[in-house]
Amino acid sequence: MANIALRIPENVPGDFYVDSTCIDCDACRQIAPKTFAEDGDYSIVHHQPQSDEEIRRAMMALVACPTASIGTVEHHDAHIGIDAFPELIAENVYYCGFNAESSFGAWSYLIVRPEAAGGNLLIDSPRFATQLVKKIDAKGGVKGMFLTHKDDVADHFRFAERYACERIMHAADGAHGLGIEKVIRGGEAVNLDEDSTVVPVPGHTRGHMVLLYKNKFLFTGDHLAWSPTRNTLIAFRNACWYSWSEQIKSMEKLLDYEFEWVLPGHGRIHHDTAANMNLHLDRCIRWMKTR
Ligand code: SF4
């Protein structure tokens, strides 16, 4: 629970607030931009939610916040936020919410599909919260769990225990040590099933991978994201733990694929035509080469 005694003074007065335990992960600002904004190293409430929809989005941010840094003075039914997750993004792809602090608040996603089509696939790990697990149960559980890289594995072992699902991760990011069931090696793309392709993209970490689903949804972990300030796709130069030159090569590899959605762990989600995404990716690569 957020602590009113730690309320950041820059919050506007009123019901909702952020306290100083905020780790500046950006989740609340993406979920409820009308309420939350960036202020230095924190998020703050820049506008108190007024309408039912604004309150619902603010409560979703409260539930998703990895550090429980968002609080309210008045009582609100927590289910307003809890019941909104997993939140549909498009078609059968959902954002899980319940971001985990151990993955610095990275976003995780759920693909919901029948067993015959491969079953549900969890992409990176949310917090293992009972309320979320019940919702995932109701959607058919988890058949596979794709882990983009070693930073965002969070509660993977608890999901694996609960659902006996097959986890997929690259050897170069320590998959063996984590007891991963399906270990990917080398740099070649691997088809998981008819609709899903795993593409190794070393750079951010040595064993980073992205997942392309239906040639439309690209789950990018910390490899690639949208920047609303630069209005294009970006990579994180200051959070490249392995090799920037390798990350550029990995980015070039993605030019061969079509996708309309970028769904990252950190950074913003973006949707556009495949042609425009390709242009943004090309622009991102040219920008990377100047860094
Ligand atoms: S979701 Fe929580 S930790 Fe992340 S920026 Fe908002 S208040 Fe801070």
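Which residues lie nearest the centre of the largest pocket? They are Asp26, Arg29, Glu38, Gly267 and Arg268. Before I go on, one caution: this is a predicted model.

Let me stay with that pocket. Its volume is about 480 Å³. In total, 17 residues line the largest pocket. Sort that lining by class and you get seven nonpolar, six charged and four polar residues.

Now the second largest pocket. Here the volume is about 370 Å³. The lining has 20 residues. Nearest the centre of this second pocket sit Met1, Leu62, Val63, Ile70 and Ala78. Where does the lining come from? Helix H2, residues 52–64, gives at least two residues, and strand S4, residues 70–72, also gives at least two. By class, the second pocket's lining counts 12 nonpolar residues, six polar and two charged.

Next, a helix pair. H6 covers residues 244–253, and H7 covers 274–288. Their axes come within 10 Å. The crossing angle is roughly 160°. An angle over 145 degrees counts as roughly antiparallel, so H6 is roughly antiparallel to H7. As for handedness, H6 and H7 make a left-handed crossing.

Which residues make the contact? From H6, they are Trp244, Gln247, Ile248, Met251 and Glu252. From H7, they are Leu281, Cys284, Ile285, Trp287 and Met288. Count the H6–H7 contact by class: eight nonpolar residues, one polar, one charged.

To recap. The largest pocket has six charged residues in its lining.

How values were computed:
Residues numbered from 1 in each chain as written. Predicted model: local features only at pLDDT ≥ 70, side-chain atom pairs only at ≥ 80, totals over all residues. Heavy atoms only, no water. 1 Å grid on protein atoms, 1.4 Å probe; cavity = no way out; pocket = protein on both sides within 12 Å on 5 of 7 lines; lining within 4 Å. Points joined across faces, edges and corners; volume = space filled by probe spheres on them. Nonpolar A, V, L, I, M, F, W, Y, C, P; charged D, E, K, R; others polar. Helix = DSSP H or I, 4+ residues; strand = E, 2+ residues; numbered from the N terminus. Axes fitted to C-alpha atoms, helices over the stretch in contact; angles between N-to-C directions. Parallel < 35°, antiparallel > 145°, perpendicular 65-115°, else oblique. Left-handed = near helix turned anticlockwise from the far one by under 90°. Contact = heavy atoms within 4.5 Å.
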